[in-house]
Amino acid sequence: MARIALVTGGIGGIGTAICTRLAKDGCSVVANHHPTEAAAAEEWKKARAAEGYEIATIAADVSSFEDSARMIKEITDQFGPVDILVNCAGITRDKTFKKMESAQWEAVINVNLNSVFNVTRQVWEGMLERGYGRIINISSVNGQRGQFGQANYSAAKAGMHGFTMALAQEGASKGVTVNTISPGYVETAMTLAMDDTVRNSIIGGIPMRRMARPDEIAAAIAFLASDEAGYMTGANLPVNGGLFMH
Ligand code: CAA
């Protein structure tokens with residue numbers, strides 16, 4: 001039986017690469033997207049089908065506990081229980097802290113961090129009962145080292161790995177692994193939104209002198225999602241072109 005994988009933020013830059021890679025690896029994949037992206041999700045689904053991947057899509061606002069619960073119930077009823085959860089939904093609201101408003105703080109904490117509780121909480125008990133599960137949280141190099149203009153984002157991304165380490169301990173004896181991936185700068189709409197001068201200066205500071213391609217992030221996720229990664233839990237795997245080493 002194919003493993004059921006849910007990728008939140010599944011139609012975004014990194015999300016798309018994760019979905020297609022997991023589908024290629026034989027998983028039955030469901031891509032979550034925000035309810036306001038319904039039209040884009042339909043196009044996305046057709047584009048994936050044209051590439052040979054049948055990937056289901058589901059709308060839900062993962063910053064809402066209730067909507068996340070509804071989403072998981074629908075997936076379970078239609079496909080079966082989720083075996084692999086990739087928490088990939090994320091946004092930026094970059095501002096120097098002196099200008100940051102509470103709305104920018106709250107939006108980023110709700111979408112990037114609270115969503116991880118909202119969705120994982122719905123699948124966790126089932127994974128423990130079945131004795132198998134893979135939770136993969138997509139954090140960021142900026143959660144590991146901080147970033148000028150990203151107090152909100154860095155806090156949320158660092159929080160994700162605290163969550164990973166705690167939950168890894170609760171799942172360890174039950175066959176459920178929980179890990180973090182910390183990508184560096186990746187070629188997506190999120191990094192394209194940065195001012196050109198800022199982006200070029202960031203690229204200049206990356207030892208590999210380039211951003212990652214989304215498929216280079218997806219490759220690490222595919223490993224953590226696989227059966228053979230069963231002894232790896234509570235880890236924070238960097239995929240950052242040498243930008244941060246510790
Ligand atoms: N270190 C020190 N000073 C810096 C700096 C840095 N890294 N970056 C900018 N500054 C300075 C500027 O030189 C400028 O200095 P002066 O005021 O002396 O001229 C000052 O900060 C700019 O301050 P402002 O208050 O005018 O800046 P702003 O409110 O317009 O915000 C910013 C600037 C939006 C934060 C901009 O610097 C920026 O986009 N930075 C990049 C943030 C970033 O890396 N975002 C990542 C997005 S992608 C992502 O998040 C994915 C991932 O996981 C990696």
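Which residue in β4 is the bridge partner of Leu-6? Select Leu-85, for that is the partner. A word on the model before we go on: the structure is predicted, so local features need pLDDT of at least 70 and side-chain atom pairs count only at pLDDT 80 or more, while totals for chains, interfaces and linings use all residues. Residues are numbered from 1 along each chain as its sequence is written, and side-chain values use heavy atoms, with hydrogens and water left out.

**Stop 1: the sheet.** Colour β1 (residues 4-7) and β4 (residues 84-87): they run parallel and are joined by 3 bridges. Strands here are DSSP runs (E, at least two residues; helices are H or I, at least four), numbered from the N terminus, and two strands pair if DSSP finds at least two bridges between them. Now show the whole open sheet, where 7 strands pair in parallel in the order β3-β2-β1-β4-β5-β6-β7. On average, neighbouring strands are turned by 20° against each other, direction ignored.

Stop 2: Select α4 (residues 102-130), which lies across β1, β4, β5 (133-138) and β6 (176-183). Relative to β4, helix α4 runs at about 165°. Such angles run from 0 to 180 degrees between N-to-C directions, with axes fitted to C-alpha atoms, for helices over the stretch in contact; contact means heavy atoms within 4.5 Å.

**Stop 3: the ligand.** Display the 19 residues around the ligand (a heavy atom within 4 Å); Asp-94, Ser-140, Gln-150, Tyr-153 and Tyr-185 come nearest. Zoom in on Asp-94, where a polar side-chain atom lies 2.7 Å from a ligand nitrogen. Ser-140 places a polar side-chain atom 2.6 Å from a ligand oxygen, and Gln-150 has one 2.9 Å from an oxygen atom of the ligand.

Finish with the elements that give two or more residues to the shell around the ligand: α7 (189-192) and α8 (196-204).

Technical notes:
Polar contact = N/O pair within 3.5 Å; in protein donor to acceptor, adjacent residues only side chain to side chain.
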